[in-house]
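Morning, everyone. Please have the sequence and the model open on your screens, and follow along as I talk.

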Amino acid sequence: MDIVSEILQKSGHQAPKYKPITVEKHLDLEFDLGTLLAVDANDFNAAAYRRDMNDYFLNLARDNTQLLLNQLWELPTEKVEDAIMVKLPPPRTVLPRMKAVPKRKPLTKWQIFAQEKGITKKKKPKLTWDDQLKKWVPLYGFKRAQAEKDKNWVLEVPQNADPNEDQFAKKVMAKSENVAKNELQRLRNIAKGKNVKIPRVGVVNPDVSSAKDLQAAVTVAKASTASLGKFQQKLPKEKEAKGVAAITPGASRKRKLPPVTGPVEKRENLDIVETILSKRKMTIEKAVSNQLQSNKIDLGESVQERSKGDDKGKSKNKGGRKPKGTKGMRAGGKKGGGRKRR
């Protein structure tokens, strides 16, 4: 009996802490259950606020939340995986947004393929049973890496491989290449989702749709050797692409081998000297012709300025008085009204 009385006494002390689910308000609250919104239009109690500000706001928030939960429990419910779910009605209040609604994330190639083929993704378990180690191994994490080391502590050398080759380093390299390939594919998916064109491997233009683009790609590939394509065989009627000199400097101009004999070298050096002297002679003649041309232009400008000065003097005489003795003179220089005396 003492234990029962003690339990009842404890429950009696804790009972005032829990308030009832019924809340009385002068004015009913306005609810928008679609957005879990409750609007309280009752008067503000200034006296209770002055007494204890924190306690007043805490009680007000508790009562309004209790009323909102009471409204939610009146909606139809359903049980999903040991949880009670409530189906909310469509919202009635339009909430303003600072930014635009985020766009839907574009699907990757695999997701599009899975939708077309009807492939559903199943959730993988966190632990898998390893028959070789005879224990449960996690799917990811440092324990997984340690389990791989314990399982692959020795590797078989292939029949045609070098016996001195490190198979462990080769396996690590293959794994890093696979990771890099997956990362490249991920970046391509992002670029495709944002409509960004990226170049393909070994092709100048990503949109190779014409013979000109294919020809440029072949020229670039041939000029990417150590000899800049000098010893690459050409197909019949094959032409080098134009406009790829900036990308492949050796595609349009190949390296020449040094001469073998002395006379050939001497003749080539003399040809170089002659070309330099001829260019210098041409430049001198061009400079002289330019100077003469500039002198002619200056002379022509001075003549034009003089002619403009004469025109200005004539225009001034037009507005002034006529010279004496010209009254009654015609264009022919005769006086009178144009009749001759006999």
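Start at Glu148. This residue counts as partly exposed, at 27% relative accessibility. Glu148 has a partner. Its side chain meets that of Arg144 in a salt bridge, 3.5 Å from N to O. A salt bridge here is a side-chain nitrogen of Lys or Arg within 4 Å of a carboxyl oxygen of Asp or Glu. Side chains of opposite charge can pair when their charged atoms come close. How far apart are Arg144 and Glu148 in helix α5? They are four residues apart, so about one helical turn separates them. Arg144 is partly exposed too, with a relative accessible area of 27%.

A word on ground rules. This is a predicted model, so local features need pLDDT of at least 70 and side-chain atom pairs count only at pLDDT 80 or more, while totals for chains, interfaces and linings use all residues. Residues are numbered from 1 along each chain as its sequence is written, and side-chain values use heavy atoms, with hydrogens and water left out.

Back to charges. By the salt-bridge rule, the count comes to five. Asp130 and Lys151 form one of them, at 3.5 Å from N to O. This pair links distant parts of the chain: Asp130 sits in strand β5, residues 127–130, and Lys151 in helix α5, residues 142–151, 21 residues apart. Helices (H or I, at least four residues) and strands (E, at least two) are DSSP runs, numbered from the N terminus. Is Asp130 buried or exposed? Asp130 counts as buried, at 14% relative accessibility. Lys151 counts as partly exposed, at 22%.

Next pair. Asp40 forms a salt bridge with Lys25, and their closest N and O atoms are 3.3 Å apart. Both sit in loops, in distant parts of the chain: Asp40 between β2 (37–39) and α2 (46–51), Lys25 between α1 (2–14) and β1 (30–32), 15 residues apart. Asp40 is partly exposed, with a relative accessible area of 27%. Lys25 is partly exposed at 25%.

Now the nonpolar side. Which residues make up the largest nonpolar core? There are eight: Val23, Leu29, Phe31, Leu33, Leu67, Leu68, Leu72 and Leu75. Helix α3, residues 53–73, gives the most to this core, with three residues. A nonpolar core is a set of buried Ala, Val, Leu, Ile, Met, Phe, Trp, Tyr and Cys residues joined through side-chain atoms within 4.5 Å.

Look at Leu72. Leaving aside neighbours within four places in sequence, Leu72 is in contact (heavy atoms within 4.5 Å) with Leu33, Leu36, Val86 and Leu88. Leu36, Val86 and Leu88 also make a nonpolar surface patch of about 230 Å². Val86 lies in strand β4, residues 84–86. Val86 is partly exposed, with a relative accessible area of 32%. Patch residues have over 30% relative accessible area and no salt bridge; like charges are joined within 9 Å, nonpolar side chains (Val, Leu, Ile, Met, Phe, Trp, Tyr) within 5 Å.

On to the backbone. Glu81 has a positive phi, near 50 degrees, and it is not a glycine. Asp82, also not a glycine, has a positive phi of about 60 degrees. Most residues other than glycine have a negative phi. Glu81 lies in the loop between β3 (77–79) and β4. Asp82 has its place in the loop between β3 and β4. Glu81 is exposed at 76% relative accessible area, and Asp82 is exposed at 74%.

Last, the whole protein. It has nine helices and six strands. Buried residues make up 11% of its 342 residues. Where pLDDT is low, the predicted coordinates should not be read in detail.

Key:
Buried means under 20% relative accessible area, exposed over 50%, partly exposed in between (1.4 Å probe, protein chains only). Accessible areas come from the Shrake-Rupley method with a 1.4 Å probe; for residues, only the protein chains shown count as cover.
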